[in-house]
Amino acid sequence: MGLSQVAVLASAQTELRPAWRDAQHIDLISSVVTNVFKGTGLTLDDVDFVIDSGSDVLDGRSISNCGFLGALGAHHKEEARVEEDGLWGALYGVNKIRSGASQIGLIVAYSKPSESDIDLYWASMVEPFYQRPVGFGQKAALGIQAQRYLAAHGIKDDALAAIVAKRWADAAANSKASIGEVPDSAAVLAGAEAAWPLTELMISRPLDGAVAVLIGSGDVARRTGRPPVFITGMGTSMETHALAERTENKLDSVANAARMALGKAGWDSAAAADVIETSGSSVIGELLTFEGLGLAAEGKGADVASSDKINRSGGALPADPIMATGLVRLAEAAKQLSAPVKAGAAAPSKAIVHGTGGVAMQTNCVFTLEV
Amino acid sequence: MFYAPDTAPIDLPTFKSTISLPYTLTPGRAAGVFLAEMPNRRIVGARFADGTVIAPAQDFSPRDGEEPTELVQAPETGELTGFTRVNGVVLGLVRLDGCRNSFVHRILADLDQVKVGQRVAVQWAAGDEGTSILAIEGFVPAADAAVGEVKPLVGAAEPLGVINYAMALHYDHAYGPYYGRMFDELKENGVVMGVRGSNADEALLPPREIDDITHKRTGTWKACADTGTIRACSLINVEVYGQTRQVPYAYAEIVLDGASTKMIHVIEIDDLETAKQQIKPGARVRAVWTTGERRGAVSDIERFEVIEG
Amino acid sequence: MGREVGIVGVGQTHHSRRRTDVSQAGLVREAVDRALADANLSMEDIDTIVIATGPVLFAAVNQPEKWVVDAIGAQGKSVVRLTSGGGAGFAGALAGYYQVAGGYSERTLVVAYDKLSEGQLQYSISTLYDPFWGREFAVGIMGFSAAYWRARMDVLGHTEEAAAMVAAKNRNNAIKNPYAHQKKAVTVEDVLNSKPLCWPIKLLDVPPISDGAAAIVLASDKVAHHSTTRPAWIRGMAYCCEADNAPERSLMLSEPLAIASRQVYRAAGITNPRRQFDVVEVQEPYSCFELNYYESLGLCPPGQAADLVASGATQVDGDIPVNPSGGCMGANPIGAVGVIRLIEAATQVMGRNETHQIKDAKLALVQSGGGWANLRGCAVLSA
């Protein structure tokens, strides 16, 4: 049975800022929904469905999609809320198009963590009887994950700091994130303790922002006049809620998700990718992701961290618009695949995109893209 | 982003909002027994068919969802398998002796005294923490602690059916240029202002940059009257948690003169039977403004009242 | 459509006003165990899982699927959560449907639940409203729903009695439903004489508050036969929305439901819904909504819902039975309701509804929705 091919047609992002004080959620959302059509020859009228990712807890309203439907451009269309990173919204949208039921979908993800207490967002995510009362949450989980990894593999703090500094420099050069002064390694190390052994800059920085990605069937993609970026594989996997019961020093769910995606795409290895965009919740989470993807051996994630294929946009460490981060990675990777290359340079043709969710990256999602 | 004419960002503070409510959460059997045993200073674990034990007890194995065969009493000693420090508090994973998993809790020691593999022992809280896991204050380093063993749970307490819980979430919502100007006009001039729809003279309330229906840019600002027509209404006679008004009163969706979309507000009523006749779709209403200082909020209008005749 | 998708196993909890013997996660486990057993499968046979619940505030656990995953033994699998207020379960089932139809999985488990005894229902729903603009006046969506009904009554000349007939019909049907917990015979007069809560909504127009979970196993045509010789095939399914504060929002018909049903009927080849469907299951959070659905789904002409219910056609023994299960009036674990309605319709067309089988039912219509009545969907199931 021939299922449709699905391609990324276009994307739009707001600037990702520590605080969008002069804009509301609907302003950020309607801005990307307006801009995503530029240059595609398509309009909102051509869109069959809208899938959105946001968090009621971050937004401060229940069923928050319900209040944002107009801004989302969803009026009188099919709409769905995936309360997970927007990359899972894209996964839904791809299935919908592959089934043949629809041709064009709009995937939107956003958040404004500046309006809420981010620690409460994470605290409310752990079960309320054992973990929540003792103060266990995202920071503690990332800290323990890092402590174990560093102890097991003898990695030094300054190696981590160098990776973080590179991400910030790359984000300043290549992303929509508001960066300001780029920290050097010393500044990363000198930062306040977030969760020992991690300093503040070693965990991902929550930012406000929105992203929209327009996806369409292969037929539509070929008509829009740009080289289509096809989504050829997808996978996701969720691990146990209990951090202590997850495999130590591994993200099994990244490996599972990658296996699913690579299998669908028919790739032997993620190393075939020319572009890799990941969403590490901490610098250690990034290294574990590279290892889970099979880009590096266990404990050797730092060896590939400086590769110019990886996180050219800076990744999630300098810019984590929670709920939107993975979809931003998809947008960035698709842009890198379709951007013109300098004369003589080899054009990239394959990309890996990674998104994450949950405390200490409990759930992970991997896409393969090809031009 | 682009703004309608005359819409400059107004430097307002954020809008403070709190969502706060009580809960009665059911822990389930395993956690219910565990918490019920906290005042007895016993740590409850769960044993699976293969003989392995986890603590604290769970109704389902974190590995594969398997249900335990029995609840057991876990020892108060174990070893540290991982740790961190957040906001000055050391948190760690403790594998209790005889257990296969680790327990998340506070480690009552300075970071430089803490290392993976060291022996630790429970420190019970001095005060009465009731049936909370905080009856365990944390774990303390105990280099010489003997290796404890898992024992049968003799005379287990009945599981707690519910625990009381409270959640409070605090928000600082941005006004943005549109709500900013609307609430500024309300406060300074006592006027409700909207922006015209993308292809209409009537104003959208609340105002926004993009028309919900057409997804096109909205038009210019427009002052609406403080009179209007009820589009839909109901008579509230039920008391619920968090209600801000005394029942009975009317919930009304009102279209102000000059606007096309609704404003939600209340109308005072004396009794239900009279209100059924007087307060209905199509009835004309006027705003009753606060007699106090206007704050730049919907509540600057205290209520609406039906215009007689 | 790419591939055929069928419901091959169903399971729901015995819903209750308050379950103090299981956690939220344990409640979900019960429904999953029942659905897997019904489909002759174990968790290893399931490729992907969709979890659906109402708003986080209902039970104080943010992204609860990350806790629930352990209770259902789904560690390592593809798990994602959908939420859409009252329509969460239906929206989750739709996402699951596309996972199979789009070739992402062969078998998808969809489980939906809410444990409403744990929180403050109306307060939680009130936070649906814009914090700047109207939240302080909200009474859940009860105030809004009553207002919406009143607007229809005045224009259409419908009386409170029409909705009371719906409430009495569904409440009396629920008595036979083994999974319902509100089981008390009532008359139309009882409903009319019950206490006004948000007039015209009265106490007996309002469903109970419930703890419950419901699960279905969806399978591709390739593997469905491993579970059953008679799946309930999904012939069409859609879930649409409208911006809630539109200048021309119709308070008479549900536009998103009309749009969804047009789309679904086209896919399923339905041209005369009143004659073609053998049974209908709808999600009526208040009795008045069922009247609106009759019209929006084309079971009767616009404005004639009061006549339809008065005619007895939607009773169990009528020509178009609506909610033989008792609908929400028997049990209302909000986020689960969309899946419960699918289960009730599926067992009808599979010919194995335990207590209220409609004879020879082959074609069923399911409706579900949420939000400010602005998220609305429907599905057609066939033998």
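A: A residue is called buried if 20 or more other C-beta atoms lie within 10 Å of its own. Please keep in mind that this is a predicted model.

Q: Understood. With that cut-off, is Gln63(C) buried or exposed?

A: Gln63(C) has 27 other C-beta atoms within 10 Å, and therefore it is buried.

Q: Where does Gln63(C) sit in the chain?

A: Gln63(C) is in the loop that runs between strand E2 (48-53) and helix H2 (65-71) of chain C.

Q: And what is phi of Gln63(C) near?

A: Phi of Gln63(C) is near 50°, which is a positive value in a residue other than glycine.

Q: What about Asn311(A), what is its phi?

A: The phi of Asn311(A) is positive, about 50°, although Asn311(A) is not a glycine. Asn311(A) belongs to the loop between helix H12 (301-304) and helix H13 (325-338) of chain A.

Q: Why does Asn311(A) count as buried?

A: Asn311(A) counts as buried because it has 32 C-beta neighbours inside 10 Å.

Q: Changing topic to peptide bonds. Is the one from Trp196(A) to Pro197(A) cis or trans?

A: That bond, from Trp196(A) to Pro197(A), is cis, and its omega is near 5°. Pro197(A) is placed in the loop between strand E5 (193-195) and strand E6 (198-199) of chain A.

Q: And the bond from Ala55(B) to Pro56(B), cis or trans?

A: The bond from Ala55(B) to Pro56(B) is cis, with omega near 0°.

Q: While we are on chain B, what domains does the assignment give?

A: The assignment for chain B gives domain 1 (27-161) and domain 2 (177-306). The C-alpha centres of these two domains of chain B lie 55 Å apart.

Q: Now the interface. How many residues of chain A are in contact with chain C?

A: On the chain A side, 50 residues are in contact with 54 residues of chain C.

Q: Which elements of chain A give two or more residues to that side?

A: They are helices H2 (56-59), H3 (64-67), H4 (86-98) and H10 (252-265), together with strands E3 (78-81) and E8 (229-238), of chain A.

Q: Which one gives the largest share?

A: H4(A) gives the largest share of the side of chain A that touches chain C, with six residues.

Q: How does that side divide by class?

A: The side of chain A that touches chain C has 19 nonpolar, 18 polar and 13 charged residues.

Note on methods. Residues are numbered from 1 along each chain as its sequence is written. Chains are lettered from A and ligands numbered from 1 in the order in which they are written. This is a predicted model: local features need pLDDT of at least 70, side-chain atom pairs count only at pLDDT 80 or more; totals for chains, interfaces and linings use all residues. Two residues are in contact if their C-beta atoms, placed from the backbone, lie within 7 Å. Helices (H or I, at least four residues) and strands (E, at least two) are DSSP runs, numbered from the N terminus. Ala, Val, Leu, Ile, Met, Phe, Trp, Tyr, Cys and Pro count as nonpolar, Asp, Glu, Lys and Arg as charged, and the others, Gly among them, as polar. Domain bounds come from an automatic or database domain assignment. A residue is buried if 20 or more other C-beta atoms lie within 10 Å of its own, exposed if 12 or fewer, and partly exposed in between; C-beta atoms are placed from the backbone.
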